[in-house]
Amino acid sequence: MTIREIKLAIIGAGPAGICAAIEAAKSDVSVTVIDENLKPGGQIYRRLSDAFAVTDENRLGKDYVQGTKLIRELEHYSPKIELIEDAPIWGIFADREVAFLNKGKNEELKPQKLIIAEGAYDRPMPFPGWTLPGVLTAGAALRMVKTEKVLPGEKVLLTGTGPLQLVLATQLIQAGAEVVSVLEAASPTGAWKYLPQFWGQWELIKDGLHYLWELRRGKIPYLTSHAIIQARGEQEVNEAVYARVDRDGNPIPGTEKTVEVDTVCTGYGLIPSTRLSRLCGCEHKYEPCLGAWVPCHDESMETTVPGVFVAGDSTGIAGALVAMEEGRLAAIKACQQLGYITQEEAQHRSLPIFRKLRGLNRFESALNRVFSIRRGLFTRITNDTIICRCEEVTAGEIRQIIADGAIGIQEIKRLTRAGMGHCQGRMCESTIAQMISIQTKQLVEETGWSTPRPPVKPIPLGILAAEQD
Amino acid sequence: MATVNRRTRAGVARGKCFEIEVDGERILAYEGETIAAALLAAGKRVARNTKKKEPRGIYCGIGVCFECRMIVDGKSNTRVCQTLATPNCKVHTQFDL
């Protein structure tokens with residue numbers, strides 16, 4: 001197989017990746033964008049299928065309309081932009097060599113510059129019964145309601161933290177589901193402390209108030225300082241128990257309530273996807289507020305590995321507006337390094353972006369603080385709760401190994417197989433880190449992380465075997 | 001045929017309608033729908049059974065968790081949230097060994 005050498009590759013066709021591609025095209029650089037999904041847009045701007053005719057775009061929401069605009073711009077620059085869809089990346093090797101599946105075949109690219117915008121996913125937060133069918137993430141439910149136009153269930157309990165829950169509740173109600181309650185783990189007073197940092201972001205504040213108003217109108221209880229403590233059912237969820245939680249997230253005994261539901265949506269914020277930036281060997285740092293590792297980068301989004309850039313939610317959760325600006329910055333710098341634009345031009349184009357980002361980042365960091373994950377929520381985890389969904393490793397097994405002296409993620413992985421399954425640790429790593437930290441009193445960052453090794457996405461063995469012929 | 005239909009119509013008109021087969025049962029699907037969506041629309045939640053015989057369904061919905069692995073047209077470990085339904089495709093609950 002030949003390795004195609006190119007100038008610039010971008011991983012991910014969400015807001016960050018798309019804007020990076022457009023910016024590169026504007027600088028006359030040909031670029032290849034690789035994305036795992038069937039269509040560009042990422043999660044936030046996920047498209048409806050072409051087979052669906054849009055009868056009223058405004059009913060699809062503001063994000064959808066914005067996404068349409070962005071993707072039109074991407075198409076406008078299509079002579080310069082090669083878009084490879086439905087292509088999971090399974091490895092990145094020395095010198096930015098990117099290996100991925102394209103229509104069932106292995107393909108490799110070797111770009112001079114690489115921008116990684118791998119996005120984020122819903123934080124997995126275990127509690128008894130969280131593996132039951134019918135318990136799904138807020139992101140999954142949003143996707144179903146927004147772009148598949150299917151209700152995940154009829155009687156829904158929302159539990160988690162942060163504004164995405166409000167968005168989901170509104171969408172579910174409008175689509176005809178019964179939302180039993182929205183449980184918000186944070187306390188209502190938390191938000192006021194950070195009020196000055198929200199100052200000036202009127203558009204975003206207006207959105208939040210609008211969603212709260214929609215809940216009021218639908219008479220949906222929005223319970224702050226509450227969280228689910230158990231989901232029950234045989235083949236699928238049919239009952240949920242929730243309780244009041246204290247400021248640290250610990251459920252308060254005696255406050256439990258049981259409700260009949262057929263669906264539970266959990267939205268505990270997002271965690272950055274960093275498997276690919278880790279594979280590249282980029283330095284990462286632990287962000288306690290996010291409860292996750294993020295790649296270190298300079299103000300032009302270049303990582304500690306020269307020629308490798310990051311952008312968007314995979315660098316820290318800040319939403320589409322920030323992601324787009326970061327994508328632009330990364331591309332401008334990459335194009336400058338490639339010699340397509342001068343340093344003066346790069347600076348001229350970057351300055352207004354820096355200014356814009358300052359305001360937006362302040363808002364997002366305040367949000368992340370208010371809705372950060374409280375430690376007490378991990379006390380919901382009983383010993384028989386599954387932590388590693390793939391290998392079915394329970395909390396009890398992990399706690400025993402920690403009690404026996406394990407102090408790091410890698411050890412637990414080796415001893416229990418937690419993190420070795422299909423998802424490659426994406427569903428259990430953050431929880432195990434917290435569990436070790438709680439039990440051994442280490443800082444979470446001291447528990448380490450699991451080093452990803454290719455393939456980071458499962459690939460049929462036959463495909464690699466065919467390579468050898 | 002399953003009577004549950006959890007599809008909504010807000011702002012869209014669906015394309016061609018066809019049937020798919022889930023564990024021998026015929027259910028409806030529309031062009032452009034993922035198998036996951038067709039299953040949820042029919043009220044079907046269980047995608048696979050784990051080694052410990054526990055049911056699992058759609059969880060992350062974006063291809064990260066690999067919980068919704070089913071056998072699609074004979075191909076096991078297919079994530080139904082990332083796979084479009086096609087006319088008469090055969091979907092089976094996966095029993096992990």
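Predicted model: local features only at pLDDT ≥ 70, side-chain atom pairs only at ≥ 80, totals over all residues.
Student: Where do I start with chain A, and into which domains is it divided?

Tutor: Start with the bounds. Domain 1 covers 3–121 + 271–341, domain 2 covers 124–268, and domain 3 covers 381–447.

Student: How many residues of domain 2 of chain A are in contact with domain 3 of chain A?

Tutor: Five residues of domain 2 of chain A contact eight residues of domain 3 of chain A. On the domain 2 side, four are nonpolar, one is polar and none is charged. The C-alpha centres of these two domains of chain A are 26 Å apart.

Student: How do I read the contact between chains A and B?

Tutor: The size of an interface is often given as the accessible area lost when the parts come together. Here, count residues instead: 42 of chain A are in contact with 38 of chain B. Strand 3, strand 8, strand 9 and helix 3 of chain A each supply at least two residues of the chain A side. Helix 3 of chain A gives the largest share, five residues. That side divides into 18 nonpolar, eleven polar and 13 charged residues.

Student: In which sense does strand 3 of chain A pair with strand 1 of chain B?

Tutor: Antiparallel, over two bridges. Val54(A) stands opposite Val12(B).

Student: Which residues touch the most other members of the largest nonpolar core?

Tutor: In soluble globular proteins, nonpolar side chains tend to be buried together. In this core of 165 residues, the answer is Ala20(A), Ala21(A) and Ile115(A). Helix 9 of chain A supplies the largest share, ten residues. Now follow Ala21(A). Beyond four places in sequence, its contacts are Ile10(A), Val31(A), Val33(A), Leu74(A) and Ile81(A).

Technical notes
Residues numbered from 1 in each chain as written. Chains lettered and ligands numbered in written order. Contact = placed C-beta atoms within 7 Å. Helix = DSSP H or I, 4+ residues; strand = E, 2+ residues; numbered from the N terminus. Nonpolar A, V, L, I, M, F, W, Y, C, P; charged D, E, K, R; others polar. Pairing = 2+ DSSP bridges. Core = buried A, V, L, I, M, F, W, Y, C linked by C-beta atoms within 7 Å. Buried ≥ 20, exposed ≤ 12 C-beta atoms within 10 Å, placed from the backbone. Domains from an automatic or database assignment.
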